[in-house]
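User: Hello! I am new to this structure and would like a friendly tour. Could you take me through it?

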Amino acid sequence: MKNVAILASGGGSNAGALIAAQKAYASYRVELIIVNVEGAGALTVASEAGVAAILLPSRGVTREDHAGEVLRAIGARTIDIVCLAGYTRILPPSFIASLSRPLLNIHPSLLPAFPGMHAQRKALEAGVRWSGATVHFVDQGLDTGPIILQEPVSVEAGDTEESLSARILSVEHRIYPQALDLVAREQYELRGRVVALHRSAQPAEIRSLPEK
Ligand code: GRF
């Protein structure tokens with residue numbers, strides 16, 4: 001059983017999905033939610049679920065100082081894996097280097113398409129027929145880390161940013177717990193940039209990457 005900390009800034013629906021899914025996945029338990037925005041819905045999600053939450057406001061705090069506060073909060077508990085779930089503050093390279101635990105993120109597009117903010121709006125503006133959701137390890141770049149799971153979502157005629165975001169979000173809520181479970185059970189190998197999933201460990205609907 002791996003202990004998980006979630007970093008969230010917004011509504012916290014992915015944090016809620018990760019907590020809800022721990023009933024189905026015995027491999028992890030959410031122990032802590034760190035929130036950087038006062039009044040964020042993620043704080044309500046934490047209190048309703050009975051999960052410890054810490055508010056570390058980042059406004060007016062330098063990137064390095066904020067990252068240091070987050071590292072200390074994580075280090076004060078037994079945390080094995082850290083999940084970013086709509087965390088809007090960019091964490092500096094020093095954070096990633098010092099964390100020394102797997103760091104995951106969820107992104108509302110089929111990376112490497114549309115990294116950064118407003119991924120759903122960029123997908124609509126580009127006229128793509130498919131977008132989707134991606135769970136990936138975090139590296140030093142912006143949404144560039146090795147991909148753990150991703151799933152396409154079709155773009156429909158008449159879609160708005162809101163309607164596309166909502167359909168992508170429901171996929172996010174399913175694949176983020178699946179990906180976290182795979183990482184918690186260490187059912188993968190990192191081969192360069194490729195996350196090779198162990199065939200035996202996969203739910204039927206997840207296809208493995210080709211063996212090298
Ligand atoms: C999600 O779409 C996530 O992919 C993106 O930010 C949004 C967070 O939503 N990084 P929530 O706070 O989990 O509801």
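Analyst: Happy to! This is a predicted model.

User: How are the rings of Phe 137 and Tyr 188 arranged, stacked, edge-to-face or tilted?

Analyst: A pair of aromatic rings is described by the distance of the centres and the angle of the planes. For Phe 137 and Tyr 188, the centres are 5.3 Å apart and the planes make an angle of 40°. Planes under 30 degrees apart would count as stacked and those over 60 as edge-to-face, so the pair of Phe 137 and Tyr 188 is tilted.

User: How many residues apart in sequence are the parts that this pair ties together?

Analyst: Phe 137 belongs to strand β6 (residues 130–137), while Tyr 188 belongs to strand β8 (residues 188–191). The pair therefore links parts whose separation in sequence is 51 residues.

User: Now the ligand, please. Which elements each supply at least two residues of its shell?

Analyst: The ligand sits in the largest pocket. Its surroundings include Gly 10, Ser 13, His 107 and Glu 172, and the shell divides into 3 nonpolar, 7 polar and 1 charged residues. The elements that each give at least two shell residues are α1 (13–21), β5 (103–107) and α6 (161–184).

User: What is the distance from an oxygen atom of the ligand to an N or O atom in the side chain of Ser 13?

Analyst: Let us begin with the backbone: an N or O atom of Gly 11 lies 3.3 Å from a ligand oxygen, and one of Gly 12 lies 2.8 Å from a ligand oxygen. For the side chain of Ser 13, the distance to an oxygen atom of the ligand is 2.5 Å.

User: How much of the ligand's accessible area does the protein cover?

Analyst: On its own, the ligand has 370 Å² of accessible area. The share of this that the protein covers is 78%.

Definitions and conventions. Residues numbered from 1 in each chain as written. Predicted model: local features only at pLDDT ≥ 70, side-chain atom pairs only at ≥ 80, totals over all residues. Heavy atoms only, no water. Near = heavy atom within 4 Å. Polar contact = N/O pair within 3.5 Å; in protein donor to acceptor, adjacent residues only side chain to side chain. Areas by Shrake-Rupley, 256 points an atom, 1.4 Å probe, with all protein chains shown as cover. 1 Å grid on protein atoms, 1.4 Å probe; cavity = no way out; pocket = protein on both sides within 12 Å on 5 of 7 lines; lining within 4 Å. Sits in = over half its atoms within 2 Å of the grid points. Helix = DSSP H or I, 4+ residues; strand = E, 2+ residues; numbered from the N terminus. Nonpolar A, V, L, I, M, F, W, Y, C, P; charged D, E, K, R; others polar. Phe/Tyr/Trp six-rings, centres within 6.5 Å; stacked < 30°, edge-to-face > 60°.
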